[in-house]
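Please load the model in your viewer and keep the sequence panel open beside it. The tour below moves from one selection to the next and says what is to be found at each stop.

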Amino acid sequence: MTQASRPASAREVAARLHDASLDEIDELARRYSEDPRKQVQHAVQSALRRKHREEAEIARVDGMYELQAELGGDGVVLGVDEVGRGAIAGPLTVCAVALPKEPRIYGLNDSKQLSPERREVLAARIAEVATAIGIAHVEPASIDAVGMATALRMAMSGAIEDSGVDPDCVLIDGNPVHVHPREKTLVKGDARIACIAAASIVAKVTRDAIMVAYDSEYPEYHLAECKGYGSPSHIDAIKRLGLTPIHRVSFCGNFLETPRLFS
């Protein structure tokens, strides 16, 4: 028997199934459905499960684009989302993103449902595909001065303006904000509408990078880990050391036991 005609080993068949595209899996599964080798049968079932998961993911994201079109129409649609509303340090960050109908970005989701590594990959893809991206920040002192509701409207307005487009529809995650005359809102929109999910991801990646940079300036506050939210180690540092210029004073009264450290 020549090398060319040698039957594929179970390991070789398993590797081929592991690497198969979605279009190839069904044909390979049929070919090896009667193969008696346990490794091959395990590989067939694993490949079929992967195909099911990936098809479900494609359908999920396609549904996000379909709902975007249903609510936003055929014109320029901006998705808007915020990150950092509940933090006690660092800015409130808002992003606005417009996406084309094609190519679609599979993997889009509420940024909180994604790992940091996956968010970075998707943010890079969004930067490649998006037809417009706008970002705005409201710093802690301004949040203290005007309150969160006004700060949120300021940031959303700034992000929409920074996008450089005149949108036909602005889709916002959550409840009505009254920041744009063509605004529509949807609770949990960051998990249901493609452009809002994209805005959620870009806002999160952008703000996280800011907080990591602040960590080198204020290392005792664990900002790279907590991203400015009220983690136990962050609160403990505030109690021991006081507040920095990047803290929201109005958010910290419940656990501030020492005077403000920095002026």
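Begin by selecting Ala-237, which touches Glu-220, Tyr-221 and Gly-242 when residues up to four places away in sequence are not counted, a contact being defined as heavy atoms within 4.5 Å. This is a predicted model, in which local features need pLDDT of at least 70 and side-chain atom pairs count only at pLDDT 80 or more, while totals for chains, interfaces and linings use all residues. Residues are numbered from 1 along each chain as its sequence is written, and side-chain values use heavy atoms, with hydrogens and water left out.

Ala-237 is found in helix H9 (232-241), where helices (H or I, at least four residues) and strands (E, at least two) are DSSP runs numbered from the N terminus. At 0% relative accessibility Ala-237 counts as buried; buried means under 20% relative accessible area, exposed over 50%, and partly exposed in between, with a 1.4 Å probe and protein chains only.

**The loops around helix H8**

Next, select Lys-227, which is placed in the loop between H8 and helix H9. Lys-227 has a positive phi of about 60° although it is not a glycine, and at 17% relative accessibility Lys-227 counts as buried. Then move to His-222, in the loop between H7 and helix H8 (223-226), where phi is near 60°, again a positive value in a residue other than glycine. His-222 is partly exposed, with a relative accessible area of 30%.

**Along helix H7**

Which residues does Asp-208 touch, not counting those up to four places away in sequence? They are Arg-119 and Lys-227, so the latter, already selected above, can be kept on display while you centre on Asp-208 in helix H7. Asp-208 is buried, with a relative accessible area of 11%.

Go on to Ile-193, in the loop between strand E5 (183-186) and helix H7 (194-217). Ile-193 counts as buried at 1% relative accessibility, and, leaving aside its neighbours within four places in sequence, Ile-193 is in contact with Met-64, Leu-67, Gln-68, Leu-71, Leu-171 and Leu-186.

Now show helix H3 (residues 38-72) together with H7: the two pack at an angle of about 110°, with their axes 7 Å apart, where axes are lines fitted to C-alpha atoms, for helices over the stretch in contact, and angles run from 0 to 180 degrees between N-to-C directions. That makes H3 roughly perpendicular to H7, in a scheme where angles under 35 degrees count as roughly parallel, over 145 as roughly antiparallel, 65 to 115 as roughly perpendicular and the rest as oblique. The contact is made by Met-64, Tyr-65 and Gln-68 on the side of H3, and by Ala-194, Cys-195 and Ala-197 on the side of H7.

**The sheet**

Select the strands next, which form an open sheet of five in the order E3-E2-E1-E4-E5, with mixed pairing; two strands pair if DSSP finds at least two bridges between them. Strand E3 (132-138) and E5 stand at the edges with a single partner strand each, so one side of each is left without a neighbour in the sheet. Neighbouring strands of this sheet are turned by 20° against each other on average, direction ignored.

Within the sheet, centre on strand E1 (residues 77-83), where seven of seven residues are buried. Both faces of E1 are covered, with Val-77, Gly-79, Asp-81 and Val-83 on one side and Leu-78, Val-80 and Glu-82 on the other. E1 pairs with strand E4 (residues 169-173) in the parallel sense over four bridges, and here Gly-79 stands opposite Leu-171, while Val-80 stands opposite Ile-172. With strand E2 (residues 92-98), E1 pairs in the antiparallel sense over five bridges, and the bridge partner of Val-80 in E2 is Ala-96.

**Last stops**

Follow the chain to Pro-103, in the loop between E2 and helix H4 (116-129), where the peptide bond from Glu-102 to Pro-103 is cis, with omega near -5°. Finally, select Arg-248, which lies over the face of Phe-251 at 5.2 Å from the ring centre; a charge sits over a ring if NZ of Lys or CZ of Arg is within 6 Å of the ring centre and within 35 degrees of the ring normal.
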